[in-house]
Amino acid sequence: SMKKLNNSTALIVALLFISVSSFAQGDGPRNLLWGPKGTFAFLPKWMSMNQNITPGNVLIKDADLHIDAFPLTLVHNFGLANRFAQVMVNAVPGSVSGRLTSNQPNFPAPELSSSGFADGFIGFKLGLVNQPALNVIEYSQYQKKTFSMMLYTRLWYSGSYDNKKPLNLGSNRLTFEVGFPIDIWLSKDPKRATWLEVYPAIHMFTPNNDPLVLSGANKTQQHALYSVENHLSHNFTDKFWASADLRYQYGGDVEVDGIDQDNKQNILGGGITAGYQVLKMLGLNATYGGIIAGDNGAQSNMIRITAVISYANLKKLQKPE
């Protein structure tokens with residue numbers, strides 16, 4: 001039938017779309033800044049979320065999901081045509097559990113759970129405006145321009161997926177993300193860094209041609225999702241910084257065999273982050289975030305703890321005496 005699928009089926013179908021792409025929270029502060037070449041970083045994170053948005057960024061009004069994810073990202077900065085460049089590789093072990101409430105008495109709401117890998121990504125950044133390739137010493141002495149901009153592109157690959165399971169961490173599709181992070185340097189005093197990061201992006205999804213058996217569908221397709229991520233961060237001491245975070249996302253409604261499911265997202269999320277540079281090579285930060293306003297009863301709250309372990313090969317550099 002060409003009418004909308006009944007609610008319980010639509011709920012299950014929507015769960016086909018699970019990927020840890022953003023959880024309505026994005027990359028986090030100081031993750032979208034340019035930096036010196038010749039450096040490596042490893043970023044392990046722990047994210048704990050309670051929400052009615054699947055790991056795949058699909059809104060399901062009556063769902064009540066708890067997601068624990070451990071994104072692991074390896075980053076390398078280098079120079080390309082005298083511009084800042086960065087490659088990233090990411091994998092996301094995790095687990096999701098929860099209930100999908102249904103308005104049909106013959107379809108109870110069992111506790112479902114799943115573990116494995118959520119969608120991960122490979123990413124690439126390239127400085128476009130005012131982001132030259134500088135080594136660590138040159139970067140520390142560089143008079144940063146107020147405005148700078150890069151290209152940021154990611155290919156998200158599917159995590160664990162089994163079409164016989166009602167709840168999956170992986171989305172069984174690819175996601176292409178393209179955006180242009182803007183870094184605005186607001187510091188009078190370079191020791192008290194103040195950054196505004198603004199990151200507009202579009203997320204485009206390939207179809208899932210092997211939807212859940214339960215759904216009886218042949219194909220599910222999510223429409224493009226648009227997002228703008230913003231972070232205003234300031235160093236209050238040499239080692240301590242804090243940030244106010246805002247993220248807006250729009251779109252991402254799902255079609256099941258060509259029938260739109262009316263679950264478009266129109267969501268404003270926000271949070272606060274506190275960071276501390278424990279050692280020269282180790283920084284820690286913690287974020288609390290949630291949905292401030294959203295259509296379709298969108299709900300989410302998140303705690304995220306991030307470690308930034310960095311390494312710069314200084315042996316190659318001739319340090320000034």
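A residue is called buried when its relative accessible area is under 20%, exposed when it is over 50%, and partly exposed in between, with a 1.4 Å probe and protein chains only. The model described here is predicted, so that local features need pLDDT of at least 70 and side-chain atom pairs count only at pLDDT 80 or more, while totals for chains, interfaces and linings use all residues. Residues are numbered from 1 along each chain as its sequence is written, and side-chain values use heavy atoms, with hydrogens and water left out.

Side chains of opposite charge can pair when their charged atoms come close. Taking a salt bridge as a side-chain nitrogen of Lys or Arg within 4 Å of a carboxyl oxygen of Asp or Glu, the structure holds 3 salt bridges. In one of them Arg154 is joined to Asp27, with 2.7 Å between the closest N and O atoms. This pair links distant parts of the chain, since Arg154 belongs to strand β6 (residues 147–157) and Asp27 to the loop between α1 and β1, 127 residues apart; helices (H or I, at least four residues) and strands (E, at least two) are DSSP runs, numbered from the N terminus. Arg154 also meets Glu177 in a salt bridge, at 3.0 Å from N to O. Here Arg154 lies in strand β6 and Glu177 in strand β7 (residues 175–179), so this pair ties together parts that are 23 residues apart in sequence. Both Arg154 and Glu177 are buried, the relative accessible area of Arg154 being 6%, and Asp27 is buried as well, at 9%.

The surroundings of Asp27 can be read from its contacts, where contact means heavy atoms within 4.5 Å. Not counting residues up to four places away in sequence, Asp27 touches Leu32, Lys45, Tyr152, Arg154, Tyr199, Glu229 and Arg304.

Another salt bridge joins Asp238 to Arg192, and its closest N and O atoms are 2.7 Å apart. Asp238 lies in the loop between β11 (225–235) and β12 (240–251), and Arg192 in the loop between β8 (182–185) and β9 (194–205), so the pair ties together parts that are 46 residues apart in sequence. In this pair Asp238 is exposed, with a relative accessible area of 52%, whereas Arg192 is partly exposed, at 27%.

In soluble globular proteins, nonpolar side chains tend to be buried together. With a nonpolar core defined as a set of buried Ala, Val, Leu, Ile, Met, Phe, Trp, Tyr and Cys residues joined through side-chain atoms within 4.5 Å, the largest such core has 14 residues, and those with the most contacts inside it are Met49, Leu65, Val96 and Leu167. At least two residues of this core come from each of β1, β2 (63–69), β4 (83–100) and β5 (111–129), and β2 supplies the largest share, 4 residues. A second, separate core of 10 residues includes Ala41, Leu43, Val75 and Phe121.

Aromatic rings are the next topic. Rings of Phe, Tyr and Trp (its six-membered ring) pair if their centres lie within 6.5 Å, and planes under 30 degrees apart count as stacked, over 60 as edge-to-face and the rest as tilted. By this rule there are 6 aromatic pairs, among them the edge-to-face pair of Trp34 and Tyr139, with 5.0 Å from centre to centre and 80 degrees between the planes. Trp34 lies in the loop between α1 and β1 and Tyr139 in helix α2 (residues 136–141), so the pair ties together parts that are 105 residues apart in sequence. Trp34 is buried at 4% relative accessibility, and Tyr139 is buried at 14%. Ring pairs link Trp34, Tyr139 and Tyr142 into a cluster. A charge sits over a ring if NZ of Lys or CZ of Arg is within 6 Å of the ring centre and within 35 degrees of the ring normal; the charged end of Lys144 sits in this way over the ring of Tyr139, 4.5 Å from its centre, and also over the ring of Trp185, 4.8 Å from its centre.
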